[in-house]
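Subject: Structure handover

Hello,

Here is the structure for you to look over. My notes follow below it.

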Amino acid sequence: MSIFSFFFKRKPNNPKTLAQLLQKLKQSSDFATLEFDINGHDFSIAYFDSLVDPKLLQQQVLCHLQRDVSNYTTFSVRDLQQIIPVQRIEITSDVQTIETKLLKGFALIRFKNDERSWALINLANENLGLRQNNDSENEFSVVGPKVGFVENIGTNLHLLRRQINTPNLVFRELTIGTMSKTKVVIAYIDGIIDEQTLETVIQRVNEIEFDIVFDTSIIDQLLSDNSSSPFPSFVSTERVDRVVYALVGGQVAILADGSPYVITGPSTLFDFFTSPEDYYLPWVLGSFFRLIRMFGVMFSILASPVYVAVLTYHYEMIPKDLLGPIIFSRSNVPFPPTLEVLFLEITIELLREAGARLPTKVAQTLGIVGGIVIGQASVEAALTSNILLIIVSLAALASFTTPIFKMSNTIRFIRFPIILFASFWGGVGIAFAICLLLIHLGRLKSFGNPYLVPLYPLRVKDFADSFIRSSYPFTAKRPSYLRPQTFWRYDPNKAKKKKDIDE
Amino acid sequence: MTLNRERFFISPFFVFFTVHGAQIGIGVLSFQRRLNEKVGHDGWISIIVAGIVAHILIWMMYQTFQLSGTSEDVIQLNIQYFGKWLGNVLNIGFVCYFLLLALIVLRLYIEVVQVWMFPLMGTWQFSLILLLLTYYTVLGGFRSVVGLCLWGVVIPLLTIFPMLFFPLEYAHYRNFFPILDHSMLDILKGAKEVTVEYLGFELLLMYYAFIKDGQQSHRWAQLANGFTMFIYLVVIFISTVFYNEEQVKHVIWPTLTLGKIPEIPFIERMEYIIISIYVLVVFPIICLAIWSATRGLKQMVSLKQRLSLPVVLITIFVASLFFNTREEIDQLGKFVSTIGFYLVIGYIPFLYLLALFTKRLKGKASMNERSMI
């Protein structure tokens, strides 16, 4: 709500009677009203043409009404369920309910002789205009299932329910958005989830005040503990296995209709650097790739600031063998290192941004043109040095290894302040920036849960699945920082039992 | 209320990081020279002696808290044992000491940066940015300060500490001999000199209230002190075998000079990296001291920390601008370390004895009462 809300504060002119409501809805051309008079039964059907499924309407409703109503001598709304083969026909007399349901794709049936109660039949065309499948191309993994969430929440819930085969999986439905009335579902596994966390989540989701929920990322921002932090508070993913893994670990998932991304939380920093593939590969390989990824993040954040710091202030640090190549490549560059780095970093950002906005086929060409031609040309034109080109492109490459898109954006962003710190105070500046980063991360919370756990607060036992992904006998316990009600995921003794040699 | 406060507490284990992090400060860069003046190559004995004294003092602190029963920090202790007036005078002294501690650590670090890296840079720049960072940290509460202490111990331990071993390539192990070449008195003098390096554990007097099961943390505090002693022994060992006795007298920061020795193919002059990462060593001390000072003010006159923090930081910022020359900084350092020395050597045992006798007297009184009945 903005400061202008004061001016807009007026009584909502909700229609009081059904006639008023229909009058209002009739302004749209896609609002259809059909009148019937069959054998003295005078009734009408009203619905939004654009929302209902015409096939359902014809086969399940119109067909039966026209054929079977004439068999009755007296017919009221309550008898509809007898002849119409649609599950759960709602009988209501509340105008407000009718308004919301009509806008969700229900059809309204009313009889002239009964002006007190009306029937609502669900004819919503749930899949119209939505894609049927998602190959999770934005979070690709070579091994493992490729099914991703789609825009339809029904499909998404189905995907979850199919994999977690327990009555303890609970979906709680809420409606968010004053205008979009989006269906939002909070999913959790009862008996694992910490009650307090769940309470926090539900309370926060209920407190959300927004007009249209375009995507879960909006909910994500509205829910986050510190909305001015560049770090994402929750993992948002389109992979089913990720969400299932989070639920089983004792986290909450939030789904919204119309969004193929699902939020899971409370998240920790490590959650953003784990990929489902870590679990599909043998633990040695999984751990190795995870470490590579983390090294990549460090490199990506620190490489260009270190270049700036060393070449601006601490050139004594360059050994004499390395001095030759650096002098050779930088001798014609007229800019100070800071400008040189900023120039290249911004070029890369432009390439990335342009690549993301353009159609896939054009983007590929652009990548090649931008990456190779501009890079080579700028070196030859002595705008940047060869060495820096290598450093910056390696850093860019490393930043894209992060599995969660939001985190990879954050990593691309935070290097800019660090570059500035480095250009002001050299190495000490970088240390300052790291300090600031660590304090900030230490203060961050996700649904009231510390962000840096298991590093701070230290939970030694939870390190089994952090820097490295230990083998499955060691990850039988759920992470303790989520305070799950039951700790064991499976029986580790059965898995751990070792036979003696030759037995 | 108590349940609510539990959120801000730290587990006993973290006392290891707060105590150790506060002990190792800027002094470790240069203490070899000062030690060498007193005891020459027998410095390591003094370090052990001082370390044991520190162990005993930590034990006394924990005993005092246990004996006092209700008091949870030094502010309450002072009022409990010295009465309201005298106690509050002592409390003001403590707050001032914490502020001075923050000031001297800040100024000494800036001096190192100025000498080694940026000779022309004004003090105010670093002072400002460090204090802004302090503001952000302390605003996050004690837990965020402790988080910083954790990083301030772990990261330097993983980066700076291994670098110190490179000079062993040029070691002369005979520098140690003859062992016990100096008199007992010299060794004790050296121990007095080096006790200052163990300072920092006295901040425990302030944040004891924030430890979950305070007494549980005793062994962690002792372990932290032991670890500090271990680090000092390693440093003095490497410096003794690397430098010769006369040479150390002319090196102002022997530990930093040790950092010049390592060489890897793509980088040289490691001391720059050491000085940079040293931010993480000094910064937790500043934050802890400032937090202690503001917390003290809150306990004393119930001044909100949110209000006192900016005032305290501005005071320190202004104060840091007044110390410009080596002599001034050195004098300030000597002043603060003298106060600190007498604080731990004089005040803590005195308080302990006082607590012990009060307890005894009370115990006897109640015994008498019981026997009367």
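One definition first: a residue is buried if 20 or more other C-beta atoms lie within 10 Å of its own, exposed if 12 or fewer, and partly exposed in between, with C-beta atoms placed from the backbone. This is a predicted model, where local features need pLDDT of at least 70, side-chain atom pairs count only at pLDDT 80 or more, and totals for chains, interfaces and linings use all residues. Residues are numbered from 1 along each chain as its sequence is written, while chains are lettered from A and ligands numbered from 1 in the order in which they are written.

Val184(A)

Val184(A) has 21 C-beta neighbours inside 10 Å, so it counts as buried. Val184(A) sits in strand S7 of chain A. Strands (E, at least two residues) and helices (H or I, at least four) are DSSP runs, numbered from the N terminus. What does Val184(A) touch, beyond its neighbours within four places in sequence? Its contacts there are Leu174(A), Thr175(A), Ile176(A), Val205(A), Ile219(A), Ile254(A) and Ala256(A). A contact means that two C-beta atoms, placed from the backbone, lie within 7 Å.

S7(A) has a partner. Strand S6 (residues 169-176) of chain A runs antiparallel to strand S7 (residues 182-189) of chain A, and eight bridges join them. Strands pair if DSSP finds at least two bridges between them. Arg172(A) is opposite Ile186(A) in S7(A). The S6(A)-S7(A) hairpin has five residues between the strands, and Gly177(A) has a positive phi near 105° there.

Strand S4(A)

From Val184(A) to Ile109(A) is 75 residues along the chain, and their C-alpha atoms are 28 Å apart. Strand S4 (residues 106-111) of chain A is mostly covered, with six of its six residues buried.

S4(A) pairs antiparallel with strand S2 (residues 41-48) of chain A over four bridges. Ile45(A) is opposite Ile109(A) in this strand. S4(A) also pairs antiparallel with strand S5 (residues 114-122) of chain A, here over five bridges. Phe111(A) is opposite Asp114(A) in S5(A). The hairpin from S4(A) to S5(A) passes through two residues.

The two chains

Chain A has 17 helices and 12 strands. Its radius of gyration is 30 Å, well over the 23 Å that the globule rule gives for 503 residues, so chain A is more spread out than a compact globule. The radius is taken over C-alpha atoms, and the rule is 2.2 Å times the number of residues to the power 0.38. The C-alpha trace of chain A spans about 105 × 70 × 45 Å along its principal axes. Buried residues make up 35% of chain A.

Chain B has 16 helices and zero strands. Its radius of gyration is 21 Å, close to the 21 Å from the globule rule for 373 residues, so chain B is as compact as a globular protein of that length. Its C-alpha atoms fill a box of roughly 80 × 45 × 35 Å along the principal axes. Of its residues, 45% count as buried.

Interface and cores

How many residues of chain B are in contact with chain A? There are 27, and they meet 20 residues of chain A. Helices H6 (123-139), H7 (142-163), H13 (270-277) and H14 (279-301) of chain B each supply at least two residues of that side.

The largest nonpolar core has 194 residues, and Ala102(B), Val105(B) and Ile286(B) have the most contacts inside it. A nonpolar core is a set of buried Ala, Val, Leu, Ile, Met, Phe, Trp, Tyr and Cys residues joined through C-beta atoms within 7 Å. Helix H5 (residues 74-116) of chain B gives this core its largest share, 19 residues. Domain 2 (153-267) and domain 3 (281-449) of chain A both give residues to this core, so it lies between them. Apart from it lies another core of 23 residues, including Ala46(A), Tyr47(A), Val77(A) and Leu123(A).

Best wishes

Methods: Domains from an automatic or database assignment.
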